[in-house]
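Subject: Structure for your files

Hello,

Here is the structure you asked about, followed by notes on what was found in it. Please read the notes with the model open beside you.

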Amino acid sequence: MFTKYKRIIGAVLLLNILLVATHEGEFWPFSIYPMFSQAGKPWSRGVVEDVRDTTRTDLWETKPIEAINHRILPLEDYGIHEIDFANYISKTQNWNAQKINGLRSTFQISDYPGEMWMATRVVGSINEQDSVVIKAIPMFLFSADSTYKNPNLFPNK
């Protein structure tokens, strides 16, 4: 009787070992969730801020996420898919004119005269004290007729 259970336990253990070994140490149900497969690693996402008040001196400065929470736009209300935007702004490395215009056309900001939206990269990491630090890095400012790059990130050449 016990040999039957030993075989079942052995088969389940062998199956688990094979699954983990063939998936680089990640068991499939957990690998699709970043909280399991990428825990502790730095991450990057994107948000859009409503920044109609452009007189602020810290407009282009990197800030803690708490400083912009009240200005973050709900992208779905404007027909922008949040995951697509987050991937675009967090993964693009070479911001040429075509990429910037692609981002601008995603917003269709010309349909919203008087609005000023800031495309912002949000990065998170764990510091030495094991606390999560989330920073908002302004990238581009869009109005109905203009596009501005963050001079701290994209100095004029």
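**Ser146 and its loop**

Ser146 sits in the loop that joins β4 (132–143) to β5 (147–149). Helices here are DSSP runs of H or I with at least four residues, strands are runs of E with at least two, and both are numbered from the N terminus. With a relative accessible area of 19%, Ser146 is buried; buried means under 20%, exposed over 50%, and partly exposed in between, with a 1.4 Å probe and protein chains only. Once its neighbours within four places in sequence are set aside, Ser146 is in contact with Arg104 and Leu141, where contact means heavy atoms within 4.5 Å.

Two remarks on the source. This is a predicted model, in which local features need pLDDT of at least 70 and side-chain atom pairs count only at pLDDT 80 or more, while totals for chains, interfaces and linings use all residues. Residues are numbered from 1 along each chain as its sequence is written, and side-chain values use heavy atoms, with hydrogens and water left out.

**Overall**

The protein has five helices and five strands. Read from the N terminus, their order is α-α-α-β-β-α-α-β-β-β. Of the 157 residues, 30% are buried. Among contacts with a separation of 6 or more, 59% are between residues 24 or more positions apart. The accessible surface is about 10900 Å², and carbon and sulfur atoms account for 57% of that; the areas come from the Shrake-Rupley method with a 1.4 Å probe, and for residues only the protein chains shown count as cover.

**Helices α4 and α5**

Two packed helices are described by the angle between their axes and the distance between the axes. For helix α4 (residues 82–91) and helix α5 (residues 97–107), the axes come within 12 Å and cross at roughly 160°. The axes are lines fitted to C-alpha atoms, for helices over the stretch in contact, and the angles run from 0 to 180 degrees between N-to-C directions. The two helices are therefore roughly antiparallel, the term for angles over 145 degrees. The crossing of α4 and α5 is left-handed, which is to say that the near helix is turned anticlockwise from the far one by less than a right angle.

On the α4 side the contact is made by Phe85, Tyr88 and Ile89, and on the α5 side by Lys99, Gly102, Leu103 and Phe107. Five of these residues are nonpolar, one is polar and one is charged. In this scheme Ala, Val, Leu, Ile, Met, Phe, Trp, Tyr, Cys and Pro are nonpolar, Asp, Glu, Lys and Arg are charged, and the others, Gly among them, are polar.

Phe85 of helix α4 is buried, at 2% relative accessibility. Leaving out residues up to four places away in sequence, Phe85 touches Gly46, Val47, Val48, Leu75, Ile80, Leu103, Phe107 and Ala119. Phe85 and Phe107 are 22 residues apart along the chain, and their C-alpha atoms are separated by 9.6 Å.

**Other loop residues**

Gln108 lies in the loop between α5 and β3 (116–126). Gln108 is not a glycine, yet has a positive phi of about 50°. Its relative accessibility of 47% makes Gln108 partly exposed.

Asp130 is exposed, with a relative accessible area of 66%, whereas Ser131 is partly exposed at 34%. Apart from its neighbours within four places in sequence, Ser131 is in contact with Ser125 and Ile126.

Regards

Note on methods: Parallel < 35°, antiparallel > 145°, perpendicular 65-115°, else oblique.
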